[in-house]
Amino acid sequence: GLDPLYIANEGKLVAVVAPESAEVVLAAMRAHPLGHSAARIGQVNADPHRFVQMATAFGGRRVVDWLSGEPLPRIC
């Protein structure tokens, strides 16, 4: 029931790079053992409303809202 977009998620990297550099950056990341699963996951498009949207596993779209409050701590 926890939304992974709104809880602490350590050890992950989201890099925003120019489209013409994406393949070079992916190759460099994949060359490292910890980056073997690096993947392009999206693109930046001009949006006058400045919304961030993501595609859902069900084929729909979801607005990624601003965080509110503090993220949940790690549960160890």
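This report describes the fold, surface and selected residues of one predicted chain.

The model is predicted, so local features need pLDDT of at least 70 and side-chain atom pairs count only at pLDDT 80 or more, while totals for chains, interfaces and linings use all residues. Residues are numbered from 1 along each chain as its sequence is written, and side-chain values use heavy atoms, with hydrogens and water left out.

**Overall form**

The chain holds 1 helix and 2 strands, arranged along the sequence as α-β-β. Helices (H or I, at least four residues) and strands (E, at least two) are DSSP runs, numbered from the N terminus. The radius of gyration of the chain is 15 Å, whereas a compact globule of 76 residues would have one near 11 Å. This radius is taken over C-alpha atoms, and the globule rule is 2.2 Å times the number of residues to the power 0.38. The C-alpha trace spans about 40 × 35 × 25 Å along its principal axes.

Of the 76 residues in the chain, 5% are buried; buried means under 20% relative accessible area, exposed over 50%, and partly exposed in between (1.4 Å probe, protein chains only). Among contacts (heavy atoms within 4.5 Å) between residues at least 6 apart in sequence, 40% join residues at least 24 apart.

**Surface and charge**

The chain exposes about 7200 Å², and carbon and sulfur atoms supply 61% of this area. Accessible areas come from the Shrake-Rupley method with a 1.4 Å probe. The chain has 7 positive and 7 negative charges, with mean positions 5 Å apart. Lys and Arg count as positive and Asp and Glu as negative; His and the chain ends are not counted. Each charge is placed at NZ of Lys, CZ of Arg, CG of Asp or CD of Glu.

**Annotated span**

In an unreviewed entry, UniProt lists residues 2-53 as "domain: PurM-like C-terminal"; such annotations may be inferred rather than shown by experiment. The span is 17% helix and 2% strand, and its end C-alpha atoms lie 19 Å apart.

**Two residues**

Val25 sits in helix α1 (residues 22-30) and counts as partly exposed, at 27% relative accessibility. Phe58 lies in the loop between β1 (53-55) and β2 (61-63) and is exposed, with a relative accessible area of 84%. The table gives one C-alpha separation for each residue.

| Pair | Separation along the chain | C-alpha separation |
|---|---|---|
| Phe58 and Val24 | 34 residues | 31 Å |
| Val25 and Ala15 | 10 residues | 9.1 Å |
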